[in-house]
Amino acid sequence: MKKVMKIYHDKCTGCRYCEIICSLRHLKNAVDPKQSRIRVYQDDERFFPIIAGATSTQECRPHSTVFMGNEEFEDCALCRASCPSRPWFKDPNTGKALKCSMCGDCVEWCPSGALEMIQAS
């Protein structure tokens with residue numbers, strides 16, 4: 001069984017503690033959210049934590065629409081991959097793709113309960 005992070009978007013308050021904790025884990029005593037493997041994006045008053053996933057050398061086609069409640073979003077906005085059109089999860093110093101290691105540190109520090117580690121088969 002492997003660990004998977006479950007994200008409750010409706011609970012996220014946008015505090016960005018997850019970004020700070022993740023960057024601390026990977027940089028050892030330094031904070032740089034651009035080095036974080038989790039990012040919190042905002043759309044109006046809603047926040048969306050997204051964790052770094054696989055690397056892709058090509059952009060996905062075609063894009064589709066995701067419906068969350070009464071709102072619709074382009075699926076690219078919620079994608080975890082690092083691709084040529086979105087440098088979201090790339091190390092700003094080396095350009096290498098960043099991928100979440102599922103360490104769970106950010107989950108422990110999430111004050112709103114928006115993040116949870118679960119076992120998946």
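Isoleucine 38 touches Met5, Cys18, Glu19, Cys22, Pro49, Ile50, Ile51, Phe89, Cys106 and Leu115, when residues up to four places away in sequence are left aside. The model is predicted. Ile38 also belongs to the largest nonpolar core, a set of 15 residues. Together with Met5, Cys18, Ile51, Cys106 and Leu115, Ile38 is among the members that touch the most other members of this core. Two or more core residues come from each of helix H1 (17-27), strand E2 (38-43), strand E3 and helix H2 (105-109). In soluble globular proteins, nonpolar side chains tend to be buried together.

Arginine 37 is found in the loop that runs between H1 and E2. The residue is buried, yet arginine 37 has no salt bridge. The side chain of arginine 37 instead reaches the backbone oxygen of glutamine 35, at 2.6 Å. Beyond four places in sequence, arginine 37 touches Cys22, His26, Ile50, Ile51, Ala52, Phe89, Leu98, Lys99 and Cys100.

Arginine 46 and glycine 14 are separated by 32 residues in sequence, and their C-alpha atoms are 8.1 Å apart in space.

How values were computed. Residues numbered from 1 in each chain as written. Predicted model: local features only at pLDDT ≥ 70, side-chain atom pairs only at ≥ 80, totals over all residues. Heavy atoms only, no water. Core = buried A, V, L, I, M, F, W, Y, C linked by side-chain atoms within 4.5 Å. Buried < 20%, exposed > 50% of the residue type's maximum accessible area, 1.4 Å probe, protein only. Helix = DSSP H or I, 4+ residues; strand = E, 2+ residues; numbered from the N terminus. Contact = heavy atoms within 4.5 Å. Lys, Arg positive; Asp, Glu negative; His and termini not counted. Salt bridge = Lys/Arg side-chain N within 4 Å of Asp/Glu carboxyl O. Polar contact = N/O pair within 3.5 Å; in protein donor to acceptor, adjacent residues only side chain to side chain.
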